[in-house]
Amino acid sequence: MSLQLDWSNDQDKVAISEDFIGVLEKLLQLAGEAEGLTDGEVTLSIVDDEEIHQLNKEYRNIDRPTDVLSFAMQEESDEELGIIYEVEDENDPIPYEGMLGDIIISAERAKLQSEEYGHSLERELGFLFVHGFLHLIGYDHQDEESEAVMTRKQEAVLLQAGLTR
């Protein structure tokens, strides 16, 4: 088995080439490989600002659009007993399988940010996708150290895929 991407483009404000989905599938394989993760499924929805604003308000209580949201299926809740994985080294494989979760990207935010940062829409969409994937498997950026880890991992995957600034 391998990592699988199930995707939908649920907006019509920004043109997204179906060929680009192949790039996202490649990014998923590269990011998974970098984490020692070979099995699982990720669902990607590309939406507009209105849709992501509604989701951000409903699930995060933040009343504005955002660029990417991630909803991990492997997270534990208060009702579940958690399995604790001790990872001594950030390069150790993460023991996930099955449905990893959902990534939602605002195409409008991605387009705006690509213009602000002076790189391609594809590079921004790729960055947001890898960023979302890392959130699905437990990475976060709540402090400078964890943000540096995520940034390093994101940039390494994007570089491998040829999506540079």
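Select Leu27, Val42, Ile103, Phe129 and Phe133, which among the 39 residues of the largest nonpolar core touch the most other members; a nonpolar core here is a set of buried Ala, Val, Leu, Ile, Met, Phe, Trp, Tyr and Cys residues joined through side-chain atoms within 4.5 Å, where buried means under 20% relative accessible area, exposed over 50% and partly exposed in between, with a 1.4 Å probe and protein chains only. Two or more residues of this core come from each of β1, α1 (18-34), β2, β3, β4, α3 (107-117), α4 and α5 (144-160), and α4 gives the most, with nine residues. Helices (H or I, at least four residues) and strands (E, at least two) are DSSP runs numbered from the N terminus.

This is a predicted model, in which local features need pLDDT of at least 70 and side-chain atom pairs count only at pLDDT 80 or more, while totals for chains, interfaces and linings use all residues. Residues are numbered from 1 along each chain as its sequence is written, and side-chain values use heavy atoms, with hydrogens and water left out.

Stay with Phe133 and show its surroundings: apart from neighbours within four places in sequence, Phe133 is in contact (heavy atoms within 4.5 Å) with Leu28, Ala31, Gly32, Leu37, Val42, Leu100 and Ile103. Then select Ile52, Leu55, Leu69 and Ile104, which are included in a second, separate core of five residues.

**The sheet and the helices across it**

Now colour the strands, which form an open sheet of four in the order β1-β2-β4-β3, with mixed pairing; two strands pair if DSSP finds at least two bridges between them. At the edges are β1 (3-9) and β3 (68-72), and because each has a single partner strand, one side of each is left without a neighbour in the sheet. Select residues 40-47 and 99-106 to see β2 and β4, which pair in the parallel sense over seven bridges, and within that pairing look for Thr43, whose bridge partner in β4 is Asp102.

Helix α4 (residues 121-136) lies across β1, β2, β3 and β4, running at about 145° to β4. For these angles, axes are lines fitted to C-alpha atoms, for helices over the stretch in contact, and the values run from 0 to 180 degrees between N-to-C directions.

**Charged pairs**

The structure holds five salt bridges, each being a side-chain nitrogen of Lys or Arg within 4 Å of a carboxyl oxygen of Asp or Glu. Select Asp48 and Lys13, whose side chains meet in one of them at 3.8 Å, N to O; Asp48 lies in the loop between β2 and α2 and Lys13 in the loop between β1 and α1, so the pair ties together parts that are 35 residues apart in sequence. Asp48 counts as buried at 15% relative accessibility, whereas Lys13 counts as partly exposed at 46%.

Go next to Glu35 and Lys153, where the closest N and O atoms of the salt bridge are 2.9 Å apart. This pair links the loop between α1 and β2, where Glu35 sits, with Lys153 in helix α5, 118 residues apart. Glu35 is buried at 2% relative accessibility, and Lys153 is buried at 11%.

Finish at Arg123 and Glu155, whose salt bridge has its closest N and O atoms 2.8 Å apart. Here helix α4, with Arg123, is linked to helix α5, with Glu155, across 32 residues of sequence. Arg123 is buried, with a relative accessible area of 1%, while Glu155 is partly exposed at 29%.
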